[in-house]
Amino acid sequence: MRIGVFLVAAGFPGMAPGDVLRSTVEAIEAAERAGFDDAWIAEHHFMSYGVCPSAVTLAAVALGRTSRITVGTAVSVLSAQHPVALAEQAAILHHVSDGRFRLGVGRGGPWLELEVFGTGTARFERGFPESLDLLCTALDGGPVAGDGEFFRFREVTMVPQARMSPVVACTSDGTVRIAAERGLPMLLGMHIGDEEKAEMVAAYEAYATGPAAHIGAALGHVADTTEQAIREMRESLPRWLAPGLAGYVPVDGRPPPRRNIPEYVDLLCRIHPVGSAEHCVEKITTTAARTGLRHLILMVEGAGDPARTLENIARLGAEVLPAVRRRGPGAA
């Protein structure tokens with residue numbers, strides 16, 4: 001069972017983005033000390049929900065500050081950038097970190113970066129398979145050429161070459177099928193619970209020709225009691241989620257997404273390891289048993305304060321990880 005941390009670089013009110021980014025790197029250093037297997041950095045543009053606009057760049061900093069832990073992107077927004085350029089950046093990090101970097105990519109959404117960076121909504125709506133195929137070819141060492149709807153360029157040799165495969169964020173059956181047909185593992189979001197994750201794994205297996213090591217994201221927060229942990233999340237998460245989710249601005253005229261924030265916080269606390277150490281262990285092993293997932297990454301920033309994030313990481317590492325590993329995957 002692999003357990004990692006998931007860093008959104010959440011912009012809680014009163015926190016300067018530069019301070020959040022520095023704290024994110026410190027959290028990854030703390031995760032390495034605490035015994036986590038990996039750390040994954042989210043990417044967002046022009047919003048406080050997450051203040052890291054380049055997960056690859058911040059991963060490079062974190063890799064330079066650590067020596068053992070794997071660092072990945074969860075995810076780099078493929079619809080907003082050139083897939084071959086992203087492959088070049090990933091190859092650099094692969095080589096200079098002795099293979100400790102993993103690239104996660106996603107389709108993204110109809111958000112502002114499509115307009116600002118000039119890629120357009122068409123890349124988001126129908127260009128993801130083409131982008132992903134170019135990325136995979138480039139990550140396999142090339143040569144790579146573009147001859148599709150969105151990319152047309154002569155054959156080039158990848159320098160440096162790297163043998164890597166991306167992880168694909170999946171939130172719909174269509175993206176599940178795209179990942180499965182290419183044999184790429186999925187990253188499943190923390191907005192869904194065990195039942196939905198299990199359904200997506202089953203859908204993947206129906207399309208795929210072989211197994212894959214998928215990753216599931218979850219909120220992770222430990223306290224002396226489960227009641228205390230839930231109370232802390234109910235107090236802190238709305239301060240981040242309300243303004244953060246409002247930053248998702250569609251560029252194509254569709255209505256912006258809406259969520260009932262208190263109900264969403266209650267859902268996260270109910271379906272994820274939020275509670276006492278014993279409760280967190282039970283939740284993690286239950287998720288593994290119900291979904292078949294053997295790799296979970298825990299969003300650890302929920303308290304909204306860098307010092308409390310470091311404390312949460314240390315407690316999860318000391319009180320939860322050893323017990324999960326003793327029980328083994330699926331030992332609910």
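1. Phe46 sits in the loop that runs between strand E2 (38–41) and H2. The model is a predicted one, and in it the phi angle of Phe46 is near 60°. That is a positive value, and Phe46 is a residue other than glycine.

2. Gly142 and Pro143 are joined by a cis peptide bond, with omega at about 0°. Pro143 belongs to the loop between helix H6 (128–139) and strand E7 (144–147). Val159 and Pro160 are likewise joined by a cis peptide bond, and omega is about 0° there. Pro160 has its place in the loop between strand E8 (152–156) and strand E9 (167–169).

3. Next come the helix pairs. Two packed helices are described by the angle between their axes and the distance between the axes. Both values are given for each pair below.

4. How do H1 and H2 lie to each other, roughly parallel or oblique? Their axes come within 9 Å and cross at roughly 45°. Angles under 35 degrees count as roughly parallel and 65 to 115 as roughly perpendicular, so H1 and H2 are oblique to each other. The crossing of H1 with H2 is right-handed. On the H1 side the contact is made by Leu21, Thr24, Val25, Ile28 and Glu29, and on the H2 side by Leu58, Val61, Ala62 and Arg65. By class, the residues of this contact between H1 and H2 are six nonpolar, one polar and two charged.

5. H2 also meets helix H3. The axes of H2 (residues 55–65) and H3 (residues 83–96) come within 11 Å and cross at roughly 5°. H2 and H3 are therefore roughly parallel to each other. Val56, Ala59, Ala60 and Leu63 are the H2 residues in the contact, and they meet Leu86, Gln89 and Leu93 of H3. The contact of H2 with H3 has six nonpolar residues, one polar residue and no charged ones.

6. Helix H7 covers residues 173–181 and helix H8 covers residues 194–207; their axes come within 8 Å and cross at roughly 45°. H7 and H8 are therefore oblique to each other. The crossing of H7 and H8 is right-handed. From H7, the residues Asp173, Val176, Arg177, Ala179 and Ala180 meet Met200, Ala203, Tyr204 and Tyr207 of H8. The contact of H7 with H8 has seven nonpolar residues, two charged ones and no polar ones.

7. How many cavities of 30 Å³ or more does the whole structure hold? A search finds two. The largest cavity contains about 140 Å³ of space. It is lined by 15 residues, and Met15, Ser23, Glu301, Pro306 and Thr309 are the closest to its centre. Helix H1 (17–34) and helix H12 (306–327) each supply at least two residues of this lining. H1 gives the most to the lining of the largest cavity, with five residues. The lining of the largest cavity divides into eight nonpolar, four polar and three charged residues.

8. The second largest cavity has a volume of about 50 Å³. Its lining consists of Lys197, Gly216, Ala217, Ala218, His272, Pro273, Thr287 and Leu296. Which element gives the most to the lining of the second largest cavity? Strand E11 (residues 215–219) does, with three residues. By class, the second largest cavity is lined by four nonpolar, three polar and one charged residues.

9. The last point concerns the largest pocket. About 1100 Å³ of space lies in it. The lining of the largest pocket has 36 residues, and those nearest its centre are His44, Trp111, Thr171, His191 and Tyr248. Sorted by class, the lining of the largest pocket has 21 nonpolar, ten polar and five charged residues.

Notes. Residues are numbered from 1 along each chain as its sequence is written. This is a predicted model: local features need pLDDT of at least 70, side-chain atom pairs count only at pLDDT 80 or more; totals for chains, interfaces and linings use all residues. Side-chain values use heavy atoms; hydrogens and water are left out. Axes are lines fitted to C-alpha atoms, for helices over the stretch in contact, and angles run from 0 to 180 degrees between N-to-C directions. Helices (H or I, at least four residues) and strands (E, at least two) are DSSP runs, numbered from the N terminus. Angles under 35 degrees count as roughly parallel, over 145 as roughly antiparallel, 65 to 115 as roughly perpendicular and the rest as oblique. A crossing is left-handed if the near helix is turned anticlockwise from the far one by less than a right angle, and right-handed if clockwise. Contact means heavy atoms within 4.5 Å. Ala, Val, Leu, Ile, Met, Phe, Trp, Tyr, Cys and Pro count as nonpolar, Asp, Glu, Lys and Arg as charged, and the others, Gly among them, as polar. On a 1 Å grid over the protein atoms alone, a cavity is a set of points where a 1.4 Å probe fits but cannot get out, and a pocket is an open set with protein on both sides within 12 Å along at least five of seven lines; lining residues have an atom within 4 Å of a point. Grid points are joined across faces, edges and corners, and a volume is the space filled by probe spheres set on the points.
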